[in-house]
Amino acid sequence: MIFDLVAYFIGLIITLPVLATSIVYIIGRKVHQHHWKAIHTAVNWTTFLYIIAVITMFKTIFGRTFFGIILLILLTLFTAIVVIRWKMYTEVIFKKIFKVFWRICFLLFLLLYCLFILIGIVLQFV
């Protein structure tokens with residue numbers, strides 16, 4: 001019984017980002033009446049869900065979370081964006097830097113999410 005609840009919870013976390021992104025996009029489309037604003041709203045609100053889903057999928061597929069490595073990669077990415085912004089514009093505006101960082105995180109974790117879905121499907125059949 002407990003194992004079933006844990007399995008359902010993990011399944012919910014893994015499938016939640018796609019559902020949440022779709023729902024937020026549809027609501028954003030109704031509110032903003034503009035396609036790109038709705039996409040940006042969906043990206044901003046659901047990136048954290050993809051991060052949680054990828055961490056959960058790491059634990060499910062590989063048996064380890066790799067949370068420290070993920071955190072180190074995110075901090076390195078943020079630092080690289082700050083340095084690039086500083087070199088290009090000699091002005092560091094953290095609001096813009098965080099926006100770029102958050103969108104790159106969405107793309108990175110969406111890619112990892114899709115990759116782990118495929119790995120999970122392959123491992124299920126093998």
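**Close-up 1. The cysteines C105 and C114.** The sulfur of C105 lies 16 Å from the closest cysteine sulfur, that of C114, which is too far for a bond. A disulfide is a covalent bond between the sulfur atoms of two cysteines, and it is counted here when a pair of cysteine sulfur atoms falls within 2.5 Å; the structure holds zero disulfides. C105 counts as buried at 0% relative accessibility, whereas C114, at 40%, counts as partly exposed (buried means under 20% relative accessible area, exposed over 50% and partly exposed in between, with a 1.4 Å probe and protein chains only).

This is a predicted model, in which local features need pLDDT of at least 70 and side-chain atom pairs count only at pLDDT 80 or more, while totals for chains, interfaces and linings use all residues. Residues are numbered from 1 along each chain as its sequence is written, and side-chain values use heavy atoms, with hydrogens and water left out.

**Close-up 2. The pairing of helix 1 with helix 2.** The axes of helix 1 (residues 2-32) and helix 2 (residues 35-62) come within 8 Å and cross at roughly 175 degrees, the axes being lines fitted to C-alpha atoms over the stretch in contact and the angles running from 0 to 180 degrees between N-to-C directions. The crossing angle therefore makes helix 1 roughly antiparallel to helix 2 (over 145 degrees). By class, the contact between these helices has 18 nonpolar, eight polar and two charged residues, where Ala, Val, Leu, Ile, Met, Phe, Trp, Tyr, Cys and Pro count as nonpolar, Asp, Glu, Lys and Arg as charged, and the others, Gly among them, as polar.

Close-up 3. T56 has its place in helix 2 and is buried, with a relative accessible area of 15%. Leaving aside residues up to four places away in sequence, T56 touches I10, I13 and I14, contact meaning heavy atoms within 4.5 Å.

**Close-up 4. The setting of these views in the protein chain.** The chain comes to four helices and zero strands, helices being DSSP runs of H or I with at least four residues and strands runs of E with at least two, numbered from the N terminus. Buried residues make up 26% of the 126 residues in the protein chain, and the C-alpha trace spans about 55 × 40 × 25 Å along its principal axes.

Key. Parallel < 35°, antiparallel > 145°, perpendicular 65-115°, else oblique.
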